[in-house]
Amino acid sequence: MGSTVTAIALVSVSVLAMLAVLSALVWARSLTPRQGPFLSWGTVAATAAVFSSFIYLLWSFHPNVWGLAIGDVAMIWGPGFLWVAVASLNGRDRWPRWSVLAAGAAMFVVTMSLPEDLSTSVKVAVLIVFCIAAAAEALRRPTRARSGAVVIAVTTIAYALYCGGRLVSAAIGGMETGPYATYFSMGPTTMVGVIAVMLISFGVLRISQDARPELEAQRQTVRERLVEHAGGILAAGSAVTWQIVSIDELALVRESFGEDYVEQAHIALLTACRDAAPAGAEVGAVALTRIVVVGPVDGVELVGSELRTRLAQASPTLTDIYVPDVLVSSVRVETDDALAQVAAGS
């Protein structure tokens, strides 16, 4: 660890990781970031992980228990705050945040109080727990930038396996000789850790992109299609029924069951409306859980209770958790001006 070659390697890979994190942040500034603390917590996680490598490097030249304790805290905070970052996507980051902060404080006390071999075992065990938590949290949200979630999950699982190897090899052969000294000492561990940070940084970046501008452009196209269909009906001499279907108390539903549930409900609601729409009607989503059905005035109007039944049939997830009430409002449109007003209000 104290050799010049190892020191140069550690400095190089640490600087490379820092450049990767900084480039990811600069790239993120050029995109539309997702609202909320996700990117901030992801930055804290990456900074803590890279900072730990620099602390350990300094400690290798001037060993002291304070430097080791600070490095250990920073090292567990890397995957710990990554867990907090991913958990923040669903608004459940409060208790993970306090858990990670408490774990850092406890880790500092453990390193200051126990021999290095014991404190290292505790540190590795905490790392494994936080890696598993981050991976599980990433996989719980497959609808949000799945490619980024997979990168985070796979990388953290691989890092957790590496940490498990450290724990097993230290328990079997000790920390001074054998596999631990060759593959799991501070040098290789630092390199593996910062490489993981580089991969995770871009996974975090992928998830942090805000898809709303793209979705809004798609919904605007849907509105134009609905207006065009309604205009054709008016041109044929018939009045138009402009029906708006939505989920009752959407804010309460989101707060109670989370964003994943709302997205599942949106897909199920769109499916239910398409199945229930009369012949000749046009169906399109103009917002999350807000569907418009446009057809001739003499067509069959949708009923909220029937749509609620279809909603349950379209999604086993909703059936198992809760099937929300469906609201249906209908507007009769007879002129182009009225059509423009109702379309703008939808």
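What follows is a short chat about helix packing, cysteines and salt bridges in a predicted model.

Reader: What kind of model is this, and how are residues numbered?
Author: This is a predicted model, in which local features need pLDDT of at least 70 and side-chain atom pairs count only at pLDDT 80 or more, while totals for chains, interfaces and linings use all residues. Residues are numbered from 1 along each chain as its sequence is written, and side-chain values use heavy atoms, with hydrogens and water left out.

Reader: At what angle do α2 and α3 pack?
Author: Helix α2 (residues 38-61) and helix α3 (residues 65-88) pack at about 160°, and their axes are 7 Å apart. Axes are lines fitted to C-alpha atoms, for helices over the stretch in contact, and angles run from 0 to 180 degrees between N-to-C directions. Helices here are DSSP runs (H or I, at least four residues), as are strands (E, at least two), numbered from the N terminus.

Reader: Roughly parallel or antiparallel?
Author: α2 and α3 are roughly antiparallel, a label for angles over 145 degrees.

Reader: Which residue types make up the contact of α2 with α3?
Author: The contact divides into 20 nonpolar, six polar and one charged. Ala, Val, Leu, Ile, Met, Phe, Trp, Tyr, Cys and Pro count as nonpolar, Asp, Glu, Lys and Arg as charged, and the others, Gly among them, as polar.

Reader: Switching topic: how many disulfides?
Author: Zero in the whole structure, with a disulfide taken as a pair of cysteine sulfur atoms within 2.5 Å. For Cys131, the nearest cysteine sulfur is that of Cys163, 5.4 Å away.

Reader: Is Cys131 buried or exposed?
Author: Cys131 is buried, at 1% relative accessible area. Buried means under 20%, exposed over 50%, and partly exposed in between (1.4 Å probe, protein chains only). Cys273 is buried too, at 0%.

Reader: And how many salt bridges?
Author: The search of the whole structure finds five, each a side-chain nitrogen of Lys or Arg within 4 Å of a carboxyl oxygen of Asp or Glu. One of them joins Arg225 and Glu282, at 2.1 Å from N to O.

Reader: Where do Arg225 and Glu282 lie?
Author: Arg225 lies in helix α9 (residues 212-235) and Glu282 in strand β2 (residues 282-287), so the pair ties together parts 57 residues apart in sequence. Arg225 is partly exposed at 32%, and Glu282 is partly exposed at 21%.

Reader: What does Glu334 pair with?
Author: Glu334 forms a salt bridge with Arg332, with the closest N and O atoms 2.6 Å apart. Both Glu334 and Arg332 are exposed.

Notes. Angles under 35 degrees count as roughly parallel, over 145 as roughly antiparallel, 65 to 115 as roughly perpendicular and the rest as oblique.
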